[in-house]
Amino acid sequence: METLSVKVGNVMIGSSFPIVPQTMCNTHTSDVEGTVAQCVRMAKAGSALIRITCPGLQDVPHMAEIHSRLRSMGIDTPLVADIHFSSETAIAVAPYVEKVRINPGNFAKEHAVACSQLKRLLAVCKENGTAIRIGLNHGSLGERITSLYGNTPLAMAEAAMEWLRLCAEEDFDNVVVSLKSSNTVVMVEAYRILASKMKEWGKVYPVHVGVTEAGNGDSGRIKSCVGISTLLEEGIGNTIRVSLTEDPVNEIPVAKYLADRYDGKISSSLVSRRSSDDGKHIVAEYAAPSRERLIEDLSCDFGKALLDREIDSVEFHGTFIDDEGYAVDIDKDGFGEYLADELLQACRRRFYKPEYIACPGCGRTMYDLQEAFEAVKARTSHLKDVVIAVMGCIVNGPGEMADADWGYVGEGGHKVSIYKGKTPVLKHVPDTEAVDRLVELIDADRKASVQA
């Protein structure tokens, strides 16, 4: 998909340039030393852009200092300030970073006020050569848009188009756009609609692609690869992030794999494939150079076909090379069946375990998100057909866990809120007790459902 070109510091984004991998800090922005150290690790690992949350005006001086320190160290990786609500913070920080990520719909409840604030921001960005990313998530759409289109992929695309048109009216084209969801089906459909609408309009901005709150481990990698690769195969996507509830440096190798694959630098380790008579079942054989590469390859090779329901099932055979250099049979200990289950779940075709939504964490996170996520998984892994969200903060958690049946959301101060759907059912629960309370609520609800 041919797009405009966007300049973010020393990085160019658009169809004329390679796919740009990026990640985001999970340190507190006020911890300048810790954030700088994490940025150094990210830059060395190959992240072409680094995003840092900037929750309020008090964090703008910290952003400026982080930027200055990195440049003094010879690290010129562009920085992106992540803004969620405060337009004044976006305006204040724009001179100190190469890009600002915003959802203008969160600037104000009144649409006219939000438009006015976005125009102010664009003027500052013009003056300083700062790019913006208009980033909308499935769970953070405003009431005005959802009242018109529902909480749907179409609503996501329509909301983005409103802001893109305003940017064009202000003669500001240094814009990237994104529409994220933890649901791969919703995410893919939203981006497809947006791409179609931009083409029809005659102005196509570069697209940032990612599956938000993908989780961790194999599940997070498979879900991310499925969603991102489906769009990259269609030419949709110019910069990408793999969101994992892990050390953010771990995101970069997966993002670089995707960028290299769809820039034509590497190919799949798939050796052969054969189909059933009706074409709906695939048997695939691999000779993968590593376990992670096997996971990435099969997710990209068959994710799109499963998402689009061109096929119904897959089975995997062959080998991968372990960390000690030995070939391991994919069929060993049921690993191939496990991979098929994980892939089908990522494509939302069949659920063999709970579906977890977990944000990667950022400077707003006020508790040990990774530890909490592992504790929740350990206590709920026996459940099926339930979606559980573990979110880092009360700021975005309730909105961005739109698909969840249950939510575990950090409040700060070692307290947690527990949600059933979008309704908080327990607040201010000590984090030492919160997992127990969550499991008790789920068990009670399931018992009540059976009795009914």
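Modeller: A residue is called buried when its relative accessible area is under 20%, and exposed when that area is over 50%. The model under discussion is predicted.

Biologist: Is Ser181 buried or exposed?

Modeller: Ser181 lies in the loop between β8 (175-180) and α7 (184-201). The cut-off for burial is under 20%. Ser181 has a relative accessible area of 2%, and therefore Ser181 is buried.

Biologist: Which residue has its backbone nitrogen 3.0 Å from a polar atom of the side chain of Ser181?

Modeller: Leaving aside residues up to four places away in sequence, Ser181 touches His138, Val186, Met187, Val211, Thr212 and Asp403. The backbone nitrogen at 3.0 Å from a polar atom of the Ser181 side chain belongs to Asn183.

Biologist: Which residue of strand β5 points the same way as Leu79?

Modeller: In a regular strand, side chains alternate between the two faces of the sheet. In β5 (residues 79-82), Val80 and Asp82 point one way, and all four residues named for this strand are buried. Pointing the other way, together with Leu79, is Ala81.

Biologist: Which residue is the bridge partner of Thr53 in β5?

Modeller: Strand β4 (residues 49-53) runs parallel to β5, and four bridges join them. The partner of Thr53 in β5 is Asp82. The chain passes from β4 to β5 through helix α2 (residues 60-72) in a right-handed β-α-β crossover.

Definitions and conventions
Residues numbered from 1 in each chain as written. Predicted model: local features only at pLDDT ≥ 70, side-chain atom pairs only at ≥ 80, totals over all residues. Heavy atoms only, no water. Helix = DSSP H or I, 4+ residues; strand = E, 2+ residues; numbered from the N terminus. Buried < 20%, exposed > 50% of the residue type's maximum accessible area, 1.4 Å probe, protein only. Polar contact = N/O pair within 3.5 Å; in protein donor to acceptor, adjacent residues only side chain to side chain. Contact = heavy atoms within 4.5 Å. Pairing = 2+ DSSP bridges. Right-handed = clockwise from strand over helix to strand, strands pointing away.
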